[in-house]
Amino acid sequence: MIEPLLVDRTDAVVTLTLNRPTAMNSFDVALKEALRDILAELEADRSCRAVVLAGAGGQFSAGQDLREHVQTLQSTTGNPLDTVPAHYNPIAARLASLPKPVVAAVRGMAAGAGASLAFLADFRVGGPKTKFLMAFAGVGLAADTGASWTLPRLVGHAKAVELLMLAEPVGAEEACRLGLLTKLVDDDEQVLPTAQELAARLAAGPTVAYGAIKRQLSIADAGTLADALAAEAQAQAICGATADHKAATMAFVEKRKPTFEGH
């Protein structure tokens, strides 16, 4: 049986590859459950210090598997959209709050929930053939997998309305200009290696501080200045007590490069 999700560990970087290339890595129940469950494991895994999201076969993900979805729509039992609270919401919540950096290697098409998944990453690397398509409205649905939260933060409210309602594809250069991509490389074959190189760089950094920065930004996005200041005080108390902070401060004083251990 072909595994729907491949998990590769290289040093402190874990690469998660959506592995349904004949279906453009679309999300069936097996893939959604595998991704949801491994993210829960990685959250508590101290040996994992950075995560890469990728797709097999030259595409990132076409989003929900509509063939499977048609079957559930035609079924007389259950609600086919129960997959949102059961699968997509937990995946989005885990990725958004994961206390370690996440890099998406967005090669080829990222549509619907596939695009939403990429937007939850902290960094997104693409190539010439990268495209984003907010395909939800095309099948009579609203956004899911966190897109209503991430997209306005990346491109602004007005552009988010346009992308979600008109459901027109966004090419690589425009995606980079809008901020949907962090980095655009010249060769599609270099998308994954570039993403993994970035993840390795992040994994060697102060990962406790990175997790704190992610929490700070999520609070500041939705809160007041007082909320942000309180979050900053809490984060600095946590980071200031780490061995990484103490060792890096000494390294700075002694004019040498710091080594971060992630604790």
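This is a predicted model: local features need pLDDT of at least 70, side-chain atom pairs count only at pLDDT 80 or more; totals for chains, interfaces and linings use all residues.
**Stop 1**

Select helix α9, residues 207–222, and helix α10, residues 225–240. Two packed helices are described by the angle between their axes and the distance between the axes. Here the axes come within 9 Å. They cross at roughly 170°. Angles over 145 degrees count as roughly antiparallel, so α9 is roughly antiparallel to α10.

Now show the side chains at the contact. On the α9 side, pick Val208, Ala209, Ala212, Arg215, Gln216, Ile219 and Ala220. On the α10 side, pick Asp227, Ala228, Ala231, Glu232, Ala235, Ile238 and Cys239. The contact residues divide into 10 nonpolar, one polar and three charged.

**Stop 2: Thr145**

Most residues other than glycine have a negative phi. Go to Thr145, where phi is positive, near 55°. Thr145 sits in the loop between β7 (131–133) and α5 (147–155). Is Thr145 buried or exposed? Its relative accessibility is 2%. Buried means under 20%, so Thr145 counts as buried.

**Stop 3: Lys255**

Move on to Lys255, in the segment after α11 (243–253). Lys255 is not a glycine, yet its phi is positive, about 60°. What is the relative accessible area of Lys255? The value is 76%. Exposed means over 50%, so Lys255 is exposed.

Finish by showing both residues together: Thr145 is buried, whereas Lys255 is exposed.

Technical notes. Residues are numbered from 1 along each chain as its sequence is written. Side-chain values use heavy atoms; hydrogens and water are left out. Helices (H or I, at least four residues) and strands (E, at least two) are DSSP runs, numbered from the N terminus. Buried means under 20% relative accessible area, exposed over 50%, partly exposed in between (1.4 Å probe, protein chains only). Axes are lines fitted to C-alpha atoms, for helices over the stretch in contact, and angles run from 0 to 180 degrees between N-to-C directions. Angles under 35 degrees count as roughly parallel, over 145 as roughly antiparallel, 65 to 115 as roughly perpendicular and the rest as oblique. Contact means heavy atoms within 4.5 Å. Ala, Val, Leu, Ile, Met, Phe, Trp, Tyr, Cys and Pro count as nonpolar, Asp, Glu, Lys and Arg as charged, and the others, Gly among them, as polar.
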